[in-house]
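I opened this notebook to record what I looked up in the model, entry by entry.

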Amino acid sequence: MTSHETSLTGASGTEGEHDAFHPDLTRPAGPVPPSRARVHHIRADALDDRTAQTEGMRRFAAVSGRTVGSERVWMGQTHVSPGIASSDHHHGPSETAIHILRGNPEFVFLDDSSGTPEEVRIRTAPGDYVFVPPFVPHREENPSTDTEAVIVIARSTQEAIVVNLPGLYVLDKEEQAE
């Protein structure tokens with residue numbers, strides 16, 4: 001039996017067990033739950049729309065705690081219809097990685113890193129990637145008049161955290177009183 005065969009057949013999940021490819025890594029103690037012992041295939045027509053939503057866009061979960069038992073990642077698609085802008089929102093402690101599949105969506109956020117707040121608009125094209133750090137308020141816009149924007153999203157949390165906001169930045173006390 002080869003070392004590769006040993007690593008595949010010896011995967012019982014017992015404390016201290018090594019696989020032949022990574023002798024410095026050990027498996028956690030205890031049995032492996034069934035959802036964590038197999039590869040999951042999520043068909044494009046089986047995406048789950050029972051996830052957090054923001055006005056102006058539709059989110060669909062592919063990989064989540066509910067769909068496959070993931071513990072540290074969420075992945076899915078977002079669709080933005082032509083001529084639509086989402087509400088302002090952020091994703092709490094989630095890091096969000098975005099890949100543009102179709103359309104030319106724009107991502108708008110308030111950059112106050114220089115001390116002077118400035119609205120920034122990132123224009124994208126299919127194949128581009130965007131990274132949104134935790135708690136950064138933003139919105140997606142689709143300026144096209146005829147093409148739906150479709151993006152793939154991966155988040156560093158088990159579920160799609162979405163916090164909808166009244167604006168891109170926190171109002172100061174005088175603005176809140178108005």
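I began with phenylalanine 135, which I found in the loop between β7 (129–132) and β8 (138–141); here helices (H or I, at least four residues) and strands (E, at least two) are DSSP runs, numbered from the N terminus. Its phi is near 65 degrees, a positive value in a residue other than glycine, and I noted beside it that most residues other than glycine have a negative phi.

Before going further I wrote down the conditions: this is a predicted model, in which local features need pLDDT of at least 70 and side-chain atom pairs count only at pLDDT 80 or more, while totals for chains, interfaces and linings use all residues. Residues are numbered from 1 along each chain as its sequence is written, and side-chain values use heavy atoms, with hydrogens and water left out.

Next I looked up the sheet. Five strands form an open sheet in the order β1-β2-β9-β4-β7, with antiparallel pairing (two strands pair if DSSP finds at least two bridges between them). β1 (58–63) and β7 stand at the edges with a single partner strand each, so one side of each is left without a neighbour in the sheet. From one strand to the next the twist averages 25 degrees, where axes are lines fitted to C-alpha atoms and angles run from 0 to 180 degrees between N-to-C directions. Within this sheet, β2 (residues 74–80) and β9 run antiparallel and are joined by seven bridges, and glycine 76 has isoleucine 153 of β9 as its bridge partner.

I then turned to β5 (residues 106–111), which pairs with β6 (residues 118–123) in the antiparallel sense over six bridges, with glutamate 106 opposite arginine 123. The two strands form a hairpin with six residues between them, and glycine 115 in the turn has a positive phi of about 95 degrees. β5 also pairs with β8, again antiparallel, over four bridges, and there phenylalanine 107 has glutamate 140 as its bridge partner.

Which residues make up the largest nonpolar core? I listed ten residues in all, among them Trp74, Phe107, Val130 and Ile153; such a core is a set of buried Ala, Val, Leu, Ile, Met, Phe, Trp, Tyr and Cys residues joined through side-chain atoms within 4.5 Å, and buried means under 20% relative accessible area (1.4 Å probe, protein chains only). β4 (96–102), β7 and β9 (149–155) are the elements that give two or more residues to this core.

My last entry concerns tryptophan 74, over whose face arginine 155 lies at 5.2 Å from the ring centre (the criterion being NZ of Lys or CZ of Arg within 6 Å of the ring centre and within 35 degrees of the ring normal).

Methods. Buried < 20%, exposed > 50% of the residue type's maximum accessible area, 1.4 Å probe, protein only.
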